[in-house]
Amino acid sequence: MSIRDAHIWVAQFKSEKALEKYMDEMYDEDDEEAPISPFAADQGETFYDHDLVYAEFLKKATPRVLIECWGFPKKATEAVVKAVEKLGVDGLNTSIVADKAEFSDPKSAKGKGYQLWYVGQFKGCSL
């Protein structure tokens, strides 16, 4: 892992399996412009380096638990936790972290069985 300055999302998924399906990569040899995953599609991208994008599902997690699981430095963790808490969303169970270079216009998204909130890009959030 070599992420420096990361984009961070938090989410509610109906299950861990739903998250896995959302992040699963599929390649269509007949359509090179097809997004590699539902996550890529929601972000308006066709491709991202899966070695620089990570998702974690934690049942009944607090914002702090969702962010501390990544092992960011304390100062960076506190900044992200505060931003997540400001969202005021209950029932979060997923966090997604991606290297800042992987997405040009990260955004929140909603679909069947999930809702994703883009929290922001944070300095010092390196893996």
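A residue is called buried when its relative accessible area is under 20%, exposed when over 50%, and partly exposed in between, with a 1.4 Å probe and protein chains only. The structure is a predicted model, in which local features need pLDDT of at least 70 and side-chain atom pairs count only at pLDDT 80 or more, while totals for chains, interfaces and linings use all residues. Residues are numbered from 1 along each chain as its sequence is written, and side-chain values use heavy atoms, with hydrogens and water left out.

Side chains of opposite charge can pair when their charged atoms come close. The term salt bridge denotes a side-chain nitrogen of Lys or Arg within 4 Å of a carboxyl oxygen of Asp or Glu. Four salt bridges are found in a search of the whole structure.

One of these salt bridges joins Lys100 to Asp5, with 3.6 Å between the closest N and O atoms. This pair connects distant parts of the chain, 95 residues apart: Lys100 lies in the loop between strand E3 (94-99) and strand E4 (109-111), and Asp5 in the segment before strand E1 (6-13). Helices (H or I, at least four residues) and strands (E, at least two) are DSSP runs, numbered from the N terminus. Lys100 is partly exposed, at a relative accessible area of 38%, whereas Asp5 is buried, at 16%.

A further salt bridge is formed by Arg64 and Glu68, whose closest N and O atoms are 3.4 Å apart. Because Arg64 and Glu68 are four residues apart in helix H3 (residues 63-68), about one helical turn separates them. Arg64 is partly exposed, with a relative accessible area of 29%, and Glu68 is partly exposed at 45%. Together with Glu78, Arg64 and Glu68 are linked in a network of salt bridges.

Lys107 also forms a salt bridge, with Asp105, and the closest N and O atoms lie 3.6 Å apart. Lys107 has a relative accessible area of 30% and is partly exposed; Asp105 is likewise partly exposed, at 47%.

Elsewhere, Asp28, Glu29, Asp30, Asp31, Glu32 and Glu33 form a negative surface patch. Patches consist of residues with over 30% relative accessible area and no salt bridge, like charges being joined within 9 Å and nonpolar side chains (Val, Leu, Ile, Met, Phe, Trp, Tyr) within 5 Å. Asp30 is exposed, with a relative accessible area of 78%.

Terms used:
Areas by Shrake-Rupley, 256 points an atom, 1.4 Å probe, with all protein chains shown as cover. Lys, Arg positive; Asp, Glu negative; His and termini not counted. Charge placed at Lys NZ, Arg CZ, Asp CG, Glu CD.
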